[in-house]
Amino acid sequence: MTKEITDPYYAALAHAAGQAYGVILFPRNATVFPIYEITAIVLAS
């Protein structure tokens, strides 16, 4: 789905949501989630 999103802000949010959901299966995803969230915040400003 993220590859279909053209807006960088929404793409970063989609990545963040995917990483947050992936924590259930792969706990190391918890370290990557904030990076995508911060990216979305920066792109929004």
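Helices (H or I, at least four residues) and strands (E, at least two) are DSSP runs, numbered from the N terminus. The model is predicted: local features need pLDDT of at least 70, side-chain atom pairs count only at pLDDT 80 or more, and totals for chains, interfaces and linings use all residues. Residues are numbered from 1 along each chain as its sequence is written, and side-chain values use heavy atoms, without hydrogens and water.

The protein chain has two helices and zero strands. Its C-alpha trace spans about 30 × 20 × 10 Å along the principal axes. The chain has 45 residues, and 18% of them count as buried (under 20% relative accessible area; exposed is over 50%, partly exposed in between; 1.4 Å probe, protein chains only). The accessible surface of the chain is about 3500 Å² (Shrake-Rupley method, 1.4 Å probe; for residues, only the protein chains shown count as cover). Carbon and sulfur atoms account for 68% of that surface.

Gln 19 lies in helix H1. Gln 19 counts as buried because its relative accessibility is 18%. Beyond its neighbours within four places in sequence, Gln 19 is in contact (heavy atoms within 4.5 Å) with Asn 29, Val 32, Phe 33 and Tyr 36.

Tyr 21 also belongs to helix H1, which covers residues 8–22. Tyr 21 has 62% relative accessibility, so it counts as exposed. Tyr 21, Ile 24, Leu 25 and Phe 26 form a nonpolar patch on the surface. Together, these four residues have about 540 Å² of accessible area. Like charges are joined within 9 Å, and nonpolar side chains (Val, Leu, Ile, Met, Phe, Trp, Tyr) within 5 Å.

Conventions:
Patch = residues over 30% accessible without salt bridge, like charges linked within 9 Å, V, L, I, M, F, W, Y side chains within 5 Å. Salt bridge = Lys/Arg side-chain N within 4 Å of Asp/Glu carboxyl O.
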